[in-house]
Amino acid sequence: REILDIDPDARSVRVQAGATWREIQEQIDGYDLSLSIMQSYANFTVGGSISPFSRMCSTCVRKIGSIT
């Protein structure tokens with residue numbers, strides 16, 4: 001599970017399956033970027049949080065460019 005690409009201009013990140021929000025935040029810090037919404041405990045996976053986010057915050061899901 002790796003972070004494959006960070007595009008600070010497009011404000012996008014491409015990750016492998018199993019990547020956690022904490023891992024993403026640690027990498028994008030260097031670009032002066034941050035996640036829109038973050039819980040204090042962020043060791044859950046990106047994929048595992050999509051369903052809960054879709055029920056709680058449709059704005060979060062609209063920011064997902066693609067899932068493959």
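R11 is exposed, its relative accessible area being 63%. In this predicted model, R11 sits in the loop between β1 and β2 and has a positive phi of about 55°, although R11 is not a glycine. Most residues other than glycine have a negative phi. D32 is a further case: D32 is not a glycine either, and its positive phi is about 60°. D32 belongs to the loop between α1 and α2 (46-56) and counts as exposed, at 72% relative accessibility.

**Overall make-up**

The protein contains 3 helices and 2 strands, and along the sequence these follow the pattern β-β-α-α-α. Of its 68 residues, 22% are buried. Among the contacts in the protein with a separation of 6 or more, 21% are between residues 24 or more positions apart.

The average pLDDT of the protein is 78, and 63% of the residues score at least 70. Among the elements, strand β1 (residues 3-7) has the highest mean pLDDT, 93, while helix α3 (residues 58-62) has the lowest, 56.

**The hairpin**

Strands β1 and β2 (residues 12-15) pair in the antiparallel sense, over 4 bridges. Their hairpin has 4 residues between the strands, and R11, with its positive phi near 55°, belongs to this hairpin. Within the pairing, V13 in β2 is the bridge partner of I6, and D7 stands opposite S12 in β2.

In a regular strand the side chains alternate between the two faces of the sheet. How exposed are S12 and V15? S12, in strand β2, is partly exposed, with a relative accessible area of 33%. V15, which also lies in strand β2, is partly exposed at 26%; the cut-offs that apply here are under 20% for buried and over 50% for exposed.

Relative accessible areas of the residues treated one by one are set out below.

| Residue | Relative accessible area | Class |
|---|---|---|
| R11 | 63% | exposed |
| S12 | 33% | partly exposed |
| V15 | 26% | partly exposed |
| D32 | 72% | exposed |

Leaving aside neighbours within four places in sequence, S12 is in contact with D5, I6 and D7. The C-alpha atoms of V15 and I3 are separated by 4.3 Å, and V15 and I3 are 12 residues apart along the chain.

Which residues of helix α1 (residues 21-28) are buried? They are W21, I24, Q25 and I28. Seen down the axis of α1, these buried residues fall within an arc of 100°, so they line one face of the helix. An α-helix has 3.6 residues a turn, so residues three or four places apart point the same way.

The largest nonpolar core has 7 residues: I6, W21, I24, I28, L33, L35 and V46. Helix α1 gives the most to this core, with 3 residues.

I6 is a member of the largest nonpolar core and is bridged to V13 in β2. Leaving aside neighbours within four places in sequence, I6 is in contact with S12, V13, Q27, I28 and Y31. I28, one of these contacts, is buried in α1 and is also a core member.

Terms used: Residues are numbered from 1 along each chain as its sequence is written. This is a predicted model: local features need pLDDT of at least 70, side-chain atom pairs count only at pLDDT 80 or more; totals for chains, interfaces and linings use all residues. Side-chain values use heavy atoms; hydrogens and water are left out. pLDDT is the predictor's confidence in each residue, from 0 to 100. Buried means under 20% relative accessible area, exposed over 50%, partly exposed in between (1.4 Å probe, protein chains only). The arc is that of the directions from the helix axis to the C-beta atoms. A nonpolar core is a set of buried Ala, Val, Leu, Ile, Met, Phe, Trp, Tyr and Cys residues joined through side-chain atoms within 4.5 Å. Contact means heavy atoms within 4.5 Å. Two strands pair if DSSP finds at least two bridges between them.
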